[in-house]
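Take the model below one region at a time.

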Amino acid sequence: MDLGQFILMRHELLLTLVAVVVLIAEIATSEKNKARLIPFSIGLFALVTFIGFIPGETGTIFGGSFQSSQLTIFMKNILNMAVLIIFLQAEGWLRKPENSDKISEYFILTISTLIGMNFMISAGDFLIFYIGLETATIPIAGLAAFDKLKSRSSEAGIKLILSSALSSGILLFGLSLLYGATGSIYFADIAPKITANAMIALGFIFFVSGMGFKISLVPYHFWTADVYEGAPINVTSYLSVVSKGAAVFIFTIVLFTVFRNIVEMWKPLIYTLAVFTMTLANLFALRQDNIKRFLAFSSIAQAGFILLGVIGAGELGMTSVVYFVLVYVFTNLGAFGVVAAIHNASDVETISGYNGLYQTNPKLSLLMTLSLFSLAGIPPVAGFFGKFFLFTAAAGSGYYILVLIAVLNATVSLYYYLKVVRAMFIEKNEQPIAAFRSTNAMRLALIMCVAGIFIIGFAGGIFEYIRSISQLFLN
Amino acid sequence: MNILTLLVVIPILTIVAILFTKDSKGARMAAAIGMGVQLITTAILLFMYLAARKTGDMHEMLFTADIMWFKSLNIHYFIGVDGIAVAMLCLTSIVVFAGIFASWEVEYLSREFFISLILLATGVFGFFISLDLFTMFLFYELAVIPMYLLIGIWGTGAKESSAMKLTLMLMGGSALLMVGIFGIYFNSAPDGGPLTFNIIEISKIQIPVKAQMFFFPFTFVGFGILGALFPFHTWSPDGHASAPTAVSMLHAGVLMKLGGYGCFRVAMFLMPEAATEMAWIFIILTTISVVYGAFGAIWQTDLKYINAYSSVSHCGLVLFALLMMNQTAMDGAIIQMISHGLMTALFFALIGMIYGRTHTRHINEMGGLMKVIPFLAVVYMIAGFASLGLPGLSGFVAEMTVFVGAFQHQDMFHRVVTVIAASSIVITAVYILRVVGKILLGPIIDEHHKHLTDAKWFEKLSTVTLVLAIVAIGIAPLWLSDTIIASLKPIVDKLAMVIPF
């Protein structure tokens with residue numbers, strides 16, 4: 001075969017290169033110069049992120065096992081950007097003395113999972129899909145247990161690996177049923193053979209359950225809050241944004257391509273999942289005081305909203321899901337960035353600990369408010385547009401009642417988002433978190449988030465671009 | 001640049017300017033200058049509008065601009081105004097301008113205060129110029145959310161729970177509204193062709209009646225919550241009572257009008273069949289609003305609560321008149337919106353000023369204020385008389401028109417509700433005169449009140465602006481009424497087509 005075809009895999013190959021180079025650099029640096037690895041790795045990764053945006057060829061290789069289209073490239077770029085922001089946010093944390101001996105590990109593990117996700121998104125058959133999924137999952141468990149001396153962090157790692165293993169098993173069982181029913185693992189071969197019979201239905205339900213764990217839909221969400229709370233904050237943000245985003249992407253792709261014949265069968269299932277996910281996650285979020293648990297439940301609720309785009313099926317559904325994840329990356333990383341900055345400076349992790357934050361750290365408070373408003377879907381920030389289009393997709397398929405439930409849930413979510421705003425702006429505090437200056441890398445990351453939160457909404461062109469590449473992909 | 005876009009740009013520039021100020025003095029100067037410019041721009045808009053109409057420009061909307069935003073969903077930034085929108089914009093400018101001066105002495109986080117206040121105003125201005133449902137909804141939500149911080153941070157009393165209650169109820173309203181908007185959008189091309197959010201285009205087609213029947217209640221109630229429709233009015237008294245002065249002014253004066261405006265511009269204009277079919281339900285609800293609000297005001301002893309309930313009553317009258325669906329009544333509804341906007345803003349401004357001096361809003365703890373603060377007392381009386389409908393002031397014109405219009409209906413149902421609603425005039429007189437008698441006339445109850453000082457220059461500026469507007473409408477109502485009636489014509493015509501007379 002022509003070696004030139006490997007250009008289609010440039011995202012994956014470049015990331016692998018980065019991981020290897022970081023590993024070699026780790027060996028080459030002396031013990032006291034380890035901190036230099038941080039800017040080096042971030043710089044290298046930024047370069048790769050940038051290269052990813054250069055338009056390239058599309059097509060399939062390995063007999064259809066690996067496919068690359070404008071849409072998948074765009075998805076990978078979204079994930080790369082998200083990871084870049086997370087790296088920048090993690091910079092201050094990695095410089096802490098307790099992390100000095102495992103700097104390169106953080107980068108290598110994160111990039112490894114990212115490689116897995118990229119393969120997963122580009123999968124053209126269930127084998128690559130599954131390998132990608134596992135490559136993406138296992139290093140995350142290592143990351144979750146990164147603070148190895150803290151029992152909570154180790155607990156998070158164990159919980160993650162156990163529930164991931166279980167969900168992977170379920171998923172794999174579903175896939176084998178599908179293979180049994182259709183006799184193929186290639187998406188292109190399976191799709192026309194999918195009919196609404198019992199075996200395929202069973203396989204499909206196992207598939208959805210397995211993915212439900214990864215996206216943390218209710219009732220598969222039980223690991224989420226504990227893992228989010230126990231893992232270091234820069235890993236939590238990765239779990240909540242990149243990991244979830246990638247799972248949503250592949251879930252949508254598979255539903256819209258492989259299972260397109262049985263749309264009418266899976267819509268009620270997604271409907272039910274959406275209602276439960278939004279409602280229950282919101283109810284749990286109301287009572288949280290730990291900011292990480294709070295964001296965990298908020299991110300579960302957001303996943304419920306995403307399902308409204310999924311149920312919209314077709315082009316508009318795909319567009320709104322990708323657009324929403326793009327918005328969600330910047331929005332949620334904005335919120336996590338503030339939490340990380342505060343945690344680095346003062347170890348505070350509770351909402352009540354944020355009381356009176358505006359008096360001492362007005363900029364961080366404003367940024368947090370913007371992010372929370374964007375999560376709640378309040379104009380003029382990007383979250384409003386993201387949600388509006390998701391709901392448009394669902395309403396376009398005639399699910400008005402579902403839209404009503406979703407919008408009412410969005411109103412409920414506003415209550416708990418405002419609780420944080422109230423803590424920062426209204427509550428009085430004798431000893432608020434002292435004023436501090438975050439690191440330059442953190443500032444850069446936060447500026448990127450703010451820019452994203454404002455620009456993505458107003459720039460109609462981004463939405464139109466996603467629409468056009470979704471159209472190409474689905475036809 | 002289009003003069004209407006300017007109305008959104010000026011507040012945003014003002015916000016940016018405030019960001020660069022150093023202290024409260026600079027912030028309030030920037031806010032005052034910005035909103036002064038805004039007032040002048042609105043005045044220019046008014047004259048341009050009248051001039052254009054005089055030369056015989058018969059377009060439904062003037063000064064339109066249309067920019068494609070999200071092409072594949074056919075979302076535009078589409079703006080334009082008719083006489084009603086121009087009138088509402090003038091009202092907003094006046095109230096915001098007066099509001100800035102009424103909050104001249106805000107010291108705590110004053111920059112943030114003025115920024116939130118003007119952000120709220122931006123939403124309102126944007127709402128009134130929008131002719132695209134998407135942008136309209138965007139500005140609507142933009143107007144609601146700063147309220148939370150404004151009440152939560154600078155409010156008084158049980159401010160946190162009031163702020164939360166108000167925000168959640170209004171957002172719940174916008175949830176219903178969103179479903180309604182989607183319903184309109186996906187039924188905007190029953191014969192095929194591109195779907196649209198454009199209000200003018202949708203008004204030219206007929207949305208299938210079945211869809212109308214389903215989505216009209218969502219849209220009407222969604223807007224109605226903001227217009228304090230019974231039984232969704234409960235956010236209003238608590239919210240107004242806890243809010244700082246300028247916010248009460250803006251909220252009762254302008255924001256509640258968004259509800260009424262949306263009710264006829266979106267719900268009734270686009271879904272006339274359902275509107276006629278279901279009017280009776282909402283007429284009953286609004287009649288209850290009108291009477292219940294008035295009775296509620298009688299029982300209250302807190303000045304702000306009195307005025308808040310009075311707002312429920314008066315805003316109920318707006319919706320009531322709109323649902324009568326004839327030219328006279330709807331004309332009255334618009335005038336009532338403007339008249340109530342001005343006079344309730346004046347009330348809240350005065351209550352804020354009085355409270356700032358006496359440190360109480362309880363009517364039993366005050367008395368004889370006429371002797372110590374004559375200026376404020378006289379203005380308070382003027383506001384009161386406007387509210388109870390004294391001829392020569394704006395309230396009379398509005399209520400007169402509303403009830404004349406309502407009485408044009410010949411059938412029993414409309415007659416009965418009109419009579420019941422009209423009884424609120426008497427009840428209004430009771431609570432207004434009771435307050436005026438208690439706190440302004442009679443002997444001074446509290447010794448400390450003998451040393452109060454009268455209005456300062458900025459307070460005079462704030463109140464006189466509003467009084468002038470009230471008197472102007474009261475003495476020369478016809479120019480306003482003529483502008484409105486001309487613009488009401490397409491709406492009334494559309495409704496008339498389906499009303500079986």
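**From one residue to the chain contact**

B:T122 sits in helix 4 (residues 110-129) of chain B. The model is a predicted one. Is B:T122 buried or exposed? B:T122 has 24 other C-beta atoms within 10 Å. The cut-off for a buried residue is 20 or more, so B:T122 counts as buried. Setting aside neighbours within four places in sequence, B:T122 is in contact with B:V8, B:P11, B:I12 and B:L142. B:G392 lies elsewhere: 270 residues separate B:T122 and B:G392 in sequence, and their C-alpha atoms are 32 Å apart in space.

Next, a pair of helices in chain B. Helix 2 (residues 24-54) of chain B packs with helix 3 (residues 83-102) of chain B at an angle of about 160 degrees. Their axes are 9 Å apart. Angles over 145 degrees count as roughly antiparallel, and helix 2 and helix 3 of chain B are therefore roughly antiparallel to each other. Their crossing is left-handed. On the helix 2 side of chain B, the contact is made by B:A31, B:A32, B:M35, B:G36, B:Q38, B:L39, B:T42, B:L45, B:L46 and B:Y49. Helix 3 of chain B answers with B:V86, B:L89, B:C90, B:S93, B:I94, B:V96, B:F97, B:I100 and B:F101. By class, the residues of this contact between helix 2 and helix 3 of chain B are 15 nonpolar, four polar and no charged.

Stay with helix 3 of chain B. How many of its 20 residues are buried? The count is 19, and helix 3 of chain B is mostly covered. Its length also checks out. At 1.5 Å a residue, the 20 residues of helix 3 of chain B should span 28 Å. The end C-alpha atoms are 28 Å apart, which agrees.

Further along chain B comes helix 16 (residues 374-387). Helix 16 of chain B has 14 residues and reaches 20 Å from its first C-alpha to its last. That is close to the 20 Å expected at 1.5 Å a residue. Of the 14 residues, 10 are buried, so helix 16 of chain B is largely enclosed by the rest of the structure. The buried residues are B:L376, B:A377, B:V379, B:Y380, B:I382, B:A383, B:G384, B:F385, B:A386 and B:S387. What covers them? The cover includes helix 13 (303-324), helix 14 (327-358) and helix 15 (369-372) of chain B. It also includes helix 17 (394-407), helix 18 (412-440) and helix 19 (457-475) of chain B. Just after helix 16 of chain B, B:G389 takes a positive phi of about 85 degrees.

Now turn to chain A. Helix 1 (residues 10-28) of chain A has 19 residues, which should span 27 Å at 1.5 Å a residue. Its end C-alpha atoms are 26 Å apart, which agrees. The buried residues of helix 1 of chain A are A:H11, A:E12, A:L14, A:L15, A:V18, A:A19 and A:V22. Their cover includes helix 2 (37-52), helix 3 (70-94) and helix 4 (103-122) of chain A.

A:N282 belongs to helix 11 (residues 263-285) of chain A. A:N282 is buried, with 22 other C-beta atoms within 10 Å. Not counting residues up to four places away in sequence, A:N282 touches A:A301, A:N409, A:V412 and A:S413. A:N282 and A:Q302 are 20 residues apart in sequence, and their C-alpha atoms are 9.5 Å apart in space.

Last, the meeting of the two chains. How many residues does each chain give to the contact? Chain A gives 26 residues and chain B gives 25. On the side of chain A that touches chain B, the elements giving two or more residues are helix 16, helix 17 (400-425) and helix 19 (460-474) of chain A. Helix 17 of chain A supplies the largest share, 12 residues. By class, this side of chain A has 19 nonpolar, four polar and three charged residues.

One helix pair spans the two chains. The axes of helix 16 (residues 382-396) of chain A and helix 7 (residues 159-186) of chain B come within 10 Å and cross at roughly 55 degrees. Helix 16 of chain A and helix 7 of chain B are therefore oblique to each other. Their crossing is right-handed. Here A:F391, A:T392, A:A395 and A:G396 meet B:M178, B:F182 and B:F186. This contact of helix 16 of chain A with helix 7 of chain B has five nonpolar, two polar and no charged residues.

Terms used:
Residues numbered from 1 in each chain as written. Chains lettered and ligands numbered in written order. Predicted model: local features only at pLDDT ≥ 70, side-chain atom pairs only at ≥ 80, totals over all residues. Axes fitted to C-alpha atoms, helices over the stretch in contact; angles between N-to-C directions. Helix = DSSP H or I, 4+ residues; strand = E, 2+ residues; numbered from the N terminus. Parallel < 35°, antiparallel > 145°, perpendicular 65-115°, else oblique. Left-handed = near helix turned anticlockwise from the far one by under 90°. Contact = placed C-beta atoms within 7 Å. Nonpolar A, V, L, I, M, F, W, Y, C, P; charged D, E, K, R; others polar. Expected span 1.5 Å × (residues − 1). Buried ≥ 20, exposed ≤ 12 C-beta atoms within 10 Å, placed from the backbone.
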